[in-house]
Amino acid sequence: MAESTDTTPDVRTDVPDVPGPPEPVEPAPAPLAVMADDVHVEYRVYASGKALGPGGRKVLQRTRGVRTVHALKGVTFSASQGESVGVIGSNGSGKSTLMRAITGLTPPSRGAIYATVRPNLLGVGAALLGDLSGDRNILLGGLALGFTKTEIEAMRDDIVSFAELEEFIDLPMRTYSSGMQQRLKFAIAAAKQHEILIVDEALSVGDRRFRERSEQRIRDIREQAGTIFLVSHSMGTIRDTCTRVIWLEKGELREDGEPDEVIKAYEKTKK
Ligand SMILES: Nc1ncnc2c1ncn2[C@@H]1O[C@H](COP(=O)(O)OP(=O)(O)OP(=O)(O)O)[C@@H](O)[C@H]1O
């Protein structure tokens with residue numbers, strides 16, 4: 001019998017497909033928390049006295065009547081859950097106005113703000129009363145932020161110890177130093193987890209140790225998927241707490257991006 005000359009190697013056709021390396025999966029983007037769409041804010045104020053003429057003409061002109069200040073000129077951005085957005089810019093650039101617009105305190109004259117929940121503005125100052133004790137102010141500030149009496153009672157001890165005011169909490173608030181008042185305000189506003197929290201310059205007062213604890217508290221809120229906006233002139237605080245920075249100048253959004261890059265560009269203009 002002749003030997004087979006077939007040299008074709010055995011080919012198995014029943015080998016299961018070997019899976020290749022897994023396709024890289026894009027992480028799902030975090031859900032949006034706040035969206036500002038072409039936001040304009042105009043204040044109408046009564047002017048009297050003298051000011052420089054329009055277009056920067058170096059001539060003082062007598063002004064009288066209603067003048068419009070265009071504080072925000074078409075600001076657009078969005079922020080997601082878990083982001084901590086630093087807001088920087090020169091004096092009068094519109095930072096506080098933007099924060100007030102986000103909370104709904106100052107309605108945009110054009111454009112719109114969308115938020116998943118009502119943002120809380122850390123700055124319960126307006127609700128606190130100097131003649132009342134620290135303790136009564138905790139109740140008042142808590143109610144102003146929308147907490148129930150029972151919720152506030154449960155948070156009370158944490159607030160007092162965070163503010164380190166155990167010895168003074170029964171005294172009228174007007175007897176507190178400005179740092180002590182600010183600590184109490186921060187402690188009230190940051191006592192509970194917020195979904196969207198806005199902190200406007202609250203960390204600029206208080207001593208270094210309190211500032212570090214406040215910054216830690218901000219990071220904790222962010223880690224629990226809250227969104228934070230932090231307005232500050234302290235680039236150190238912004239660098240330490242923010243994942244992104246928005247730079248406003250003369251009511252316009254000048255840059256929006258990585259903290260280091262935006263801060264560098266901002267500081268260049270200050271030299
Ligand atoms: N209630 C108001 N009525 C009229 N004009 C206002 C009012 N609040 C702010 N402005 C004007 O709007 C502009 C932006 O002010 P805003 O307070 O938002 O700036 P800012 O960036 O927070 O400043 P700062 O860093 O000094 O706190 C300024 O020209 C200011 O004069």
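Guide: A residue is near a molecule if its C-beta atom, placed from the backbone, lies within 6 Å of it. This is a predicted model, in which local features need pLDDT of at least 70 and side-chain atom pairs count only at pLDDT 80 or more, while totals for chains, interfaces and linings use all residues. Residues are numbered from 1 along each chain as its sequence is written.

Around the ligand lie Tyr43, Val45, Val69 and Ala71, together with Gly89 and the residues Asn91, Gly92, Ser93, Gly94, Lys95, Ser96 and Thr97. Strand 1 (32-52), strand 2 (60-80) and helix 1 (95-103) each supply at least two residues of this shell, and the largest share, three residues, comes from helix 1 (helices are DSSP runs of H or I with at least four residues, strands runs of E with at least two, numbered from the N terminus). By class, the shell divides into four nonpolar residues, seven polar and one charged (Ala, Val, Leu, Ile, Met, Phe, Trp, Tyr, Cys and Pro count as nonpolar, Asp, Glu, Lys and Arg as charged, and the others, Gly among them, as polar).

Turning to the packing, the largest nonpolar core has 53 residues, and those with the most contacts inside it include Val87, Leu98 and Ala187 (such a core joins buried Ala, Val, Leu, Ile, Met, Phe, Trp, Tyr and Cys residues through C-beta atoms within 7 Å). Helix 4 gives the most to this core, with six residues.

Helix 4 is itself mostly covered, with 10 of its 12 residues buried (20 or more other C-beta atoms, placed from the backbone, within 10 Å of a residue's own); among them are Met180, Leu184, Phe186 and Ile188. One of its buried residues, Ala187, touches Ile159, Phe162 and Ala163, leaving aside residues up to four places away in sequence (contact requires C-beta atoms, placed from the backbone, within 7 Å). The end C-alpha atoms of helix 4 (residues 178-189) are 17 Å apart, which agrees with the 16 Å that its 12 residues should span at 1.5 Å a residue (1.5 Å times one less than the number of residues).

Helix 2 (residues 134-144) has Gly134, Asn137, Ile138, Gly141 and Gly142 as its buried residues. Seen down the helix axis, these fall within an arc of 135°, so they line one face of helix 2 (the arc is that of the directions from the axis to the C-beta atoms). They pack against helix 3 (149-163) and helix 4, and just after helix 2, Gly146 takes a positive phi of about 95°.

Technical notes: Contact = placed C-beta atoms within 7 Å.
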